[in-house]
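Biologist: I have just opened this model and would like to go through it slowly with you. Could you start with a single residue and build up from there?

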Amino acid sequence: MKFLLIENDQPNEKNTIVFKLHVQCKRGSPRITVKSDALKWLPNGSELVKETRNAASDSSSKPETYTYFGCSQETIPEFVKNPIIPKYPDIIIAKLGPGQEIEPEAHAAKGIGKTHAKWSPVATAWYRMLPEVVLLEDIEDDLAEELKSKCPVNVFDIEDLGKGRRRATVARPRACTLCRECIRGDDWEKRVALHRVKDHFIFTIESTGALPPEVLFTEAVKILEDECERVITELS
């Protein structure tokens, strides 16, 4: 479901989801753990009434809360058969001791990362150059076994040549972290070469869950294209 969020929008049924929580640990009871499954969706919006300085205001009018819902979110087609609940029900929110109580109202507001990083759907993103592992000579038998055991991420494997002969191969070059363990020791730099392919990058993208990583990548490329077109237009 897609909603447009305009800057300085009032919290409404299209850009805000409200949950409430009320848990009490009675005196004499053991400590309890409050988890995200205790959050209750409020489809009609906030239940907290705003404080007003005008004590003489019309008592018959509807109290003003912190949201401005034009309709219940239960009537929105996407939520009619799929009520809003936390994706993970076992996230620990608080631990309460005897006599303690927690009663917050939580507002999840829709936004974009350009406004604030808290709305960015990307958790962690990084890139590295493609590693290139080259065997400068045939490495066979005991040396092949030694090379395979040197690598902590199992880049190398052993190929059976028959008649008891074995030869080392580069089976998983992308797994290489360029730790250089494979070229430590006598003469190993003459047998194995490590490089970075300077025009080949491997990107890793982790999502917060709002969008899948493949969507994050394609959307980022679209933004990059728009930025490049803007720069070209300004320079021409």
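Modeller: Let us begin with Thr 33, which touches Ile 92, Ala 94 and Lys 95 when residues up to four places away in sequence are not counted, where contact means heavy atoms within 4.5 Å. This is a predicted model, in which local features need pLDDT of at least 70 and side-chain atom pairs count only at pLDDT 80 or more, while totals for chains, interfaces and linings use all residues. Residues are numbered from 1 along each chain as its sequence is written, and side-chain values use heavy atoms, with hydrogens and water left out.

Biologist: Which strand is Thr 33 found in?

Modeller: Thr 33 is found in strand β3, residues 32-35; helices (H or I, at least four residues) and strands (E, at least two) are DSSP runs, numbered from the N terminus. At 40% relative accessibility, Thr 33 counts as partly exposed, since buried means under 20% relative accessible area, exposed means over 50%, and partly exposed is in between, using a 1.4 Å probe and protein chains only. Along the chain, Thr 33 and Glu 225 are 192 residues apart, and their C-alpha atoms are separated by 48 Å.

Biologist: Moving on to the inside, which residues touch the most other members of the largest nonpolar core?

Modeller: That core has 15 residues, and those touching the most other members are Val 133, Ile 139, Leu 147, Phe 156, Cys 182, Val 192 and Leu 194. The elements giving two or more residues to this core are α2 (141-150) and β11 (192-207). A nonpolar core here is a set of buried Ala, Val, Leu, Ile, Met, Phe, Trp, Tyr and Cys residues joined through side-chain atoms within 4.5 Å. There is also a second, separate core of seven residues, which includes Val 23, Ala 94, Leu 96 and Ile 102.

Biologist: Why is the pair of Tyr 127 and Phe 203 called tilted?

Modeller: The ring centres of Tyr 127 and Phe 203 are 5.4 Å apart and their planes are at 35 degrees, so the pair is tilted. Tyr 127 and Phe 203 are 76 residues apart, in strands β8 and β11, so you can see this pair linking distant parts of the chain. Ring pairs link Tyr 127, Phe 201 and Phe 203 into a cluster. Both Tyr 127 and Phe 203 are exposed, whereas Phe 201, at 38% relative accessibility, counts as partly exposed.

Biologist: Where does the charged end of Lys 118 sit?

Modeller: The charged end of Lys 118 sits over the ring of Trp 119, 4.7 Å from its centre, and Arg 191 lies over the face of Trp 188, at 4.7 Å from the ring centre. A charge sits over a ring if NZ of Lys or CZ of Arg is within 6 Å of the ring centre and within 35 degrees of the ring normal.

Biologist: Last one: is Thr 67 buried or exposed?

Modeller: Thr 67 counts as buried, at 7% relative accessibility, and lies in the loop between β4 (40-41) and α1 (77-80). A polar atom of the Thr 67 side chain lies 2.8 Å from the backbone nitrogen of Ser 46. Not counting residues up to four places away in sequence, Thr 67 touches Pro 11, Thr 16, Val 18, Gly 45, Ser 46 and His 107.

Terms used: Phe/Tyr/Trp six-rings, centres within 6.5 Å; stacked < 30°, edge-to-face > 60°. Polar contact = N/O pair within 3.5 Å; in protein donor to acceptor, adjacent residues only side chain to side chain.
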